[in-house]
Amino acid sequence: MTSICFYFEVHQPMRLNRFSVFNIGEKNDSFSTYFNHKLNQQIFEKVAKKSYLPTNNLLLDLIHDFDGKFRISFSLTGTFVEYCERFVPTVLDSFKELFKTGAVDLIEETYFHSLSALFDNLDEFEEQVKMHRQMINRVFGYQPKVFRNTEAIYDNRIAKKIEELGYKGIITEGTEKILGWRSPNFMYKPVNTNLKVFLRHYKLSDDVGFRFSAHGWPGFPLTAHKYAHWLSCCEGDIINLFIDYETFGEHQWTETGIFDFIRHLPGEVLRYKNLDFVTVSEAVERYEPVGEIDVPWAISWADEDRDVSTWLGNDMQIACFNELKDIGQRIKERGDKDLLYVWRLLQTSDHFYYVSTKGFEDGNVHAYFSPYDAPYEGFINYMNILQDLKQKVH
Amino acid sequence: MKVAMIGWEYPPFKVGGLGTHCYGLTRSLADKNVSIDFYMPKTKHSLKSDKDNLVIKEVGETEIFPYDRLGNKELAGQFFEAVYRYNDLLVRKVNGKYDLVHCHDWLTMKAGVVLKEKLDAPLVLTVHSTEYDRSGWLYPNDWFISIEKEGMEKADKIIAVSHFTKRVIVEKYGINPDKITVVHNAVYPIGESEKKKIVLFLGRLTIQKGPEFFLKAAKKVLKHEDTRFVVAGVGDMLPDLISQAINLGISNRVIFTGKLTEEEVKHIYKISSIYVMPSVSEPFGITALEAISAGTPTIVSKTAGVSEVFRNCLKVDFWDTDEMANKIIALLRYDALRKTMSEQSKQEIELFTWDRVAEKTVDVYRGIA
């Protein structure tokens, strides 16, 4: 039996306002001036309508239709849940309803979808994991068993910390960099700790996430029938299909047929006697590690490089990151709660993603997701905000 | 293939991108075994080519400065006459067997149109700027427009230096877009040296180039940062700009260089920390590539042709002097920004070679000759 483990990442960043050097030191309230609340609300409402609500409804129907045999997992970031509560509470209600079916599992992550795991020590990271834990407990009355870090950023140090925090499993990218010749379709164990590592099958995941509507791709058009066949041909215990949730209806529009694809997928998969669906918690119980992985340098699921160069790949990103770290120390010394919250919102990986100068191919993906015309614009805006925050804590 | 190319300036005698373009283009064409007779007005210098299949032929005695906006009627009259004289001379002096005639901008168009008939050869026209650009879209002169329109209509193929210019040719002159090819400009890299705290404007001081916006932004920057601003170049706006700097109270931080030699231009690009090209209307903007090739982070007008193709520069609306000042200050303050921009742009600038321009130009030639 090979299990399909579907997991969706659900996240929206707090996008920034245009903030010029002339705004630095104006002494206005940080939360209201740094973030573009109007734009954020518009985007959230748009994506809720195009993606979150219709996809949730569809998945709920499918879970009922297949009597709970269709099983999935979600990771909801803290900023995402805040958006729901502030702008479209029905989105959160529908996630609660999905969770109630018993066929849906939840995954832990950092509350702010942050890069805090890359700080020099992991105290801030730990605090953000605990914030997420509290939030999931408050909203869903549940304690997740599996952790997934921002953009699947992973190394031995992070794995160790996650084990200490009591989790049974952790998710990262099934890249050849760490696997070599080995298959991602099994559980592995970190070399330094006792934890189960889920490895994303990036090819099959990206077939849906990136290539679904690409006309030049040999797999086009991708039907549920064809995809289920590919899955049935895979060997191993578990196929980890980890995808951005906004793929459904946002990155891939309704017109591409993405919803029809999902609608037919459970039926097509369950026709095969050797396939079933599992949640991440079930997979942790069911499957044992077959080998060890050793990851001294951080990997991730992003871009071709599958490392952290997407966020810390150029001097501008590193300058911002160092500035961010320094400011954090001062804020913590002062104990200002409002500024601490703002500082944490600024740790969201997206702000660094917009400053990436990676080559044309990756650059195109970056451009699609960026509110800025160029990484330089992203840098100037973000750095100006950091300078203002820095003045406030001086 | 033999080409009669008709220009009006050639380095070291040049005032604009047209001269730079003709120099780079003809030399790279010559390397591709296209043989070229390059016709231009006679200058004080005697020009020679060091390439066998590139011959420079000076015609007559005329020196013309076609980018000045002429307020004085008498001067304007002399100027128009000089243009006619140059074109008449060309028609008489260009003889022999050519596979095609290639001319550049309005100044050579009348001759181009007649030579097409006389030599029975197809006509290629490169548009580096139109009257709309040169006037900054304020009171464009019908006399120029009618010459440009006739030339564009009679040309068998048109090369535009940007998509922006192609759109102007289609929309303002009613030309069929199918006969227009866009070929972006290139640069001979200048090379780097140590930087000083200088923010540079370099170009003709005319309404088209937007120097007054540079000074307005300078005023805003100087409230927060201590730096020097250099305005390099000459043009009809120079007296007004000097008054503007005095009125803004920044004349002690702004240096007007007047006319610079080619060597001085290279030097100022090299030592400047930031180059700003705030053009109101800029078909391409080779100066931006020159500055970048000297390792100088560059801010260009969003509508400039170079904005269409060059990624690693900052882009602003020319009228948005707040944003221009924001970007200048950011570049002055944030080392990482300057460093990343100059590293990234160094790689990108390598794509902008005259060889590529010549290759695309030859493709255009092959379509008709």
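Student: What's the radius of gyration of chain B, and what would a compact globule have?

Tutor: This is a predicted model. Chain B comes out at 20 Å, and that agrees with the value near 21 Å for a compact globule because the rule is applied to its 369 residues. Along the principal axes, the C-alpha atoms of chain B fill a box of roughly 65 × 45 × 40 Å.

Student: How many residues in chain B are buried, as a percentage?

Tutor: Buried residues are 50% of the 369 in chain B.

Student: And what is it built from, in helices and strands of chain B?

Tutor: Chain B has 14 helices and 13 strands.

Student: Which domains is chain B divided into?

Tutor: Domain 1 covers 2–186 + 353–366, and domain 2 covers 198–349. Their centres, over C-alpha atoms, are 28 Å apart.

Student: How many residues are in contact between domain 1 and domain 2 of chain B?

Tutor: 23 residues of domain 1 are in contact with 16 of domain 2. On the domain 1 side, helix 1 (17–31), helix 4 (131–134) and helix 6 (163–173) of chain B each give two or more residues. That side has 9 nonpolar, 10 polar and 4 charged residues.

Student: Switching topic: how many residues does the contact take from chain A and from chain B?

Tutor: 14 from chain A and 16 from chain B. On the chain A side, helix 13 (315–334) and helix 17 (375–393) each supply at least two residues. Helix 17 of chain A has the largest share, 4 residues.

Student: What classes are on that side of chain A?

Tutor: 9 nonpolar, 3 polar and 2 charged residues.

How values were computed
Residues are numbered from 1 along each chain as its sequence is written. Chains are lettered from A and ligands numbered from 1 in the order in which they are written. This is a predicted model: local features need pLDDT of at least 70, side-chain atom pairs count only at pLDDT 80 or more; totals for chains, interfaces and linings use all residues. Domain bounds come from an automatic or database domain assignment. Two residues are in contact if their C-beta atoms, placed from the backbone, lie within 7 Å. Ala, Val, Leu, Ile, Met, Phe, Trp, Tyr, Cys and Pro count as nonpolar, Asp, Glu, Lys and Arg as charged, and the others, Gly among them, as polar. The radius of gyration is taken over C-alpha atoms; the globule rule is 2.2 Å times the number of residues to the power 0.38. A residue is buried if 20 or more other C-beta atoms lie within 10 Å of its own, exposed if 12 or fewer, and partly exposed in between; C-beta atoms are placed from the backbone.
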